[in-house]
Amino acid sequence: MDLTPMMKPMNVAIIGASRSPGKVGNVIMQNYIAAGYEGKLYPVNPNADEILGRKSYRTVLEIKDTIDLAVIAVPAPIVPLVLEQCGKAKVKSVVVVSGGFAEVGEVKLQDRITEIAKKYRIAMVGPNCLGVMDTRAKSDTMFLPMKKISRPKVGSVSFVSQSGAVGSTVLDVIAGEGFGLSKFISYGNAAYVDEVDILEYLMNDDETKVIVLYIEGIKRGKEFVELARKLTKKKPVVVLKAGRTSAGVNAAHSHTASLAGNYAVQEAIFRQFGFAIANDLSELLYYAKIFASEVKPSGNRVAVITNGGGAGVITADEIASSRYLKMADYAEGTKKALKKVMPGLVNIANPLDLAGDADANRYRQALDLIGADRNTDMLVVIILYQTPGADPSVTREMVQKKITLSKPLLVISVGTEYTEKQAKLLEEGGVPVYDSPIAAIDSLEALFEYAEFKSRSSTR
Amino acid sequence: MPLLDYMQARKLLDKYKIKSIGSAYVNSAESAADFAKGKRIVLKLISEKAVHKSRAGLVKLDIDGEKEIAAAYDDLVRRGRMLRPYKILAQKMADPGVEIIIGGNTDAQFGKVLLVGLGGVYVEAFKDVQLRLCPITKADAVDMLSELQSRKIVTYDGKAEDEIVSLLMKVSKLLTENKKVSELDLNPVIVRQDSYEAVDIRILT
């Protein structure tokens, strides 16, 4: 199913647009205007001539243009009628924001609108959803006021969420992250367009480099598997699957049956096809962040550079106890060169403790040499900004290095106001920042596992 | 879902070159003793009504000599009264090794699924298993083992790992090619340095 008209609409009809502030149809209109959407906007409302300064239409059939996207925000019982009109008007795609369907037991009503969408071959997302957002197209069907939920900047991560509530929460958090967003799709009841259609679209979407997926249930198992086989060969997918506890309740005929409940099988499928599995919402974001940095590790050897001994040890512990990563052992040449440039109090080892007085210059020397070390595949740099030498010039060094380095690089930085400010600058410069060694190393491991999966599946 | 007859199940494993321990049905203590030929054996009661054989006292391990065999046989017959119809299976006593479980199941949504984990009595206790959708690749099999918590117990050396990897591939093939096999338990499979043997087989069709 082609979702291009939905994601990149040349024009948008808002059916159920309203003059009353606070109403869903009013918020959606306002958001389109505030976001600076450049296509044509057509409010549709049988009782209005003008809404928010735009000419309003009684029905979608009155509009002369062929509509790419119609956002439907009318009470559930009216949706079939409105959708039928969209079909007759040859609308290419619709987002049904309205709730009141299968989620409250109105299965027949949902079946009816699905039939209509199928009959006219309209790509229909929803019902009962937030809909879609495309940061480049400045198209955003969400009915959440801008002042309550920030909109992310333009980026390369696309986020798919079955749940609207999880979707909007994560979206709000993504807005605070440096990596930005390409597309957001909340597909609600998945009456017609479902996760398979959406993932297939994103697989072929050049603006999407990383897919983040929150999913509660897979509707079409076989199709999902077929797609999964291709999808992760092209781009990384981070997944959070809810519904762990409903697994394995059937009376079992064998040991295997009791251990292979549907949840366990879905998790196995994600593993088998190289999805990065997150266990909670924060992991979802941690993983998204490292994948968004778009650098692939060529091995599992990690070097740690720090200006605090303790933090270095904690991080080294995490690496040593992780399943797939290990601490790098620098090549002899690297050791010699480090010894030459580092002050005497710096012990040449991994982790490399640059000492509490480390400044931008020392960080740069260490980064240059270890970045070029042939026994190092990934770099973890700990910057404790509480120390005297760590200041914005260290931040600038990191951003510089990130541009030239072809190995994965992340920063661990823990602190409040001053640190947060530097962390934001780092992230804007494309350097992923983590506030805990565990989160950082787990993310790095997810990145490594995906790289392994990819090189393995390309040689199959 | 009927249980496939043990000897038929064994035959199916043979077809895929999956090794299982020497077994035969016996209908008397004498025939059990004949099967033993002076060596140590195992007697098992097989019934559709019994999944947890050891827990129900339906497995007599490591028995030896006419007297011991007769006592074990009679006890199984006594326990079997509630579990009719049943059969009594005599098996050679496996040499010690690491016990693993290899299983297959049919997921209503996704189809055939393969399972591996630490076996025997540990299956229920630790539930340390890995699943994959069939058919699996060799890399999938390697992954399944490396993702087990008990990987260092299960694959204690490279040779054992190779054995299990090739066994997993064979079971995946069996599951994929036999639509009628809906569930399968090889539990335990006893793995030794240079070989393995499936010691108990349950196949549901």
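**Entry 1: domains of chain A**

I began with how chain A is divided. The domain assignment gives domain 1 (1-130), domain 2 (149-292) and domain 3 (296-459) of chain A. Such bounds come from an automatic or database domain assignment.

I noted the ground rules next. This is a predicted model, where local features need pLDDT of at least 70, side-chain atom pairs count only at pLDDT 80 or more, and totals for chains, interfaces and linings use all residues. Residues are numbered from 1 along each chain as its sequence is written, while chains are lettered from A and ligands numbered from 1 in the order in which they are written.

**Entry 2: domain 2 against domain 3 in chain A**

I looked up the spacing. The C-alpha centres of domain 2 and domain 3 of chain A lie 29 Å apart. Their contact takes 12 residues from domain 2 and 15 residues from domain 3 of chain A. Two residues are in contact if their C-beta atoms, placed from the backbone, lie within 7 Å.

Which elements of domain 2 of chain A give two or more residues to this side? I found α7 and α10 (281-292) of chain A. Helices (H or I, at least four residues) and strands (E, at least two) are DSSP runs, numbered from the N terminus. The largest share, five residues, comes from α10(A). I sorted the residues on this side of domain 2 of chain A into six nonpolar, three polar and three charged. Here Ala, Val, Leu, Ile, Met, Phe, Trp, Tyr, Cys and Pro count as nonpolar, Asp, Glu, Lys and Arg as charged, and the others, Gly among them, as polar.

**Entry 3: two helix pairs in chain A**

I took α3 (residues 79-88) and α4 (residues 107-119) of chain A. They pack at an angle of about 0°, with their axes 9 Å apart. Axes are lines fitted to C-alpha atoms, for helices over the stretch in contact, and angles run from 0 to 180 degrees between N-to-C directions. α3(A) and α4(A) are therefore roughly parallel to each other, a label for angles under 35 degrees; over 145 is roughly antiparallel, 65 to 115 roughly perpendicular, and the rest oblique. The contact includes A:L83 of α3(A) and A:I113 of α4(A). Its residues divide into six nonpolar, one polar and three charged.

Then I checked α12 (residues 332-341) and α13 (residues 360-371) of chain A. Their axes come within 10 Å and cross at roughly 170°. That makes α12(A) roughly antiparallel to α13(A). A:T334, A:A337, A:L338 and A:V341 in α12(A) meet A:Q365, A:L369 and A:I370 in α13(A).

**Entry 4: chain B**

The assignment for chain B gives domain 1 (22-92) and domain 2 (98-204). Their C-alpha centres lie 26 Å apart.

Is strand β5 (residues 98-107) of chain B enclosed or open? Nine of its 10 residues are buried, so β5(B) is largely enclosed by the rest of the structure. A residue is buried if 20 or more other C-beta atoms lie within 10 Å of its own, exposed if 12 or fewer, and partly exposed in between; C-beta atoms are placed from the backbone.

I followed the partners of β5(B). Eight bridges join β5(B) to β6 (residues 111-118) of chain B, running antiparallel. Two strands pair if DSSP finds at least two bridges between them. B:I100 stands opposite B:L118 in β6(B). β5(B) and β6(B) form a hairpin with three residues between them. Six bridges join β5(B) to β8 (residues 183-191) of chain B, also antiparallel. There, B:G103 has B:D185 as its bridge partner.
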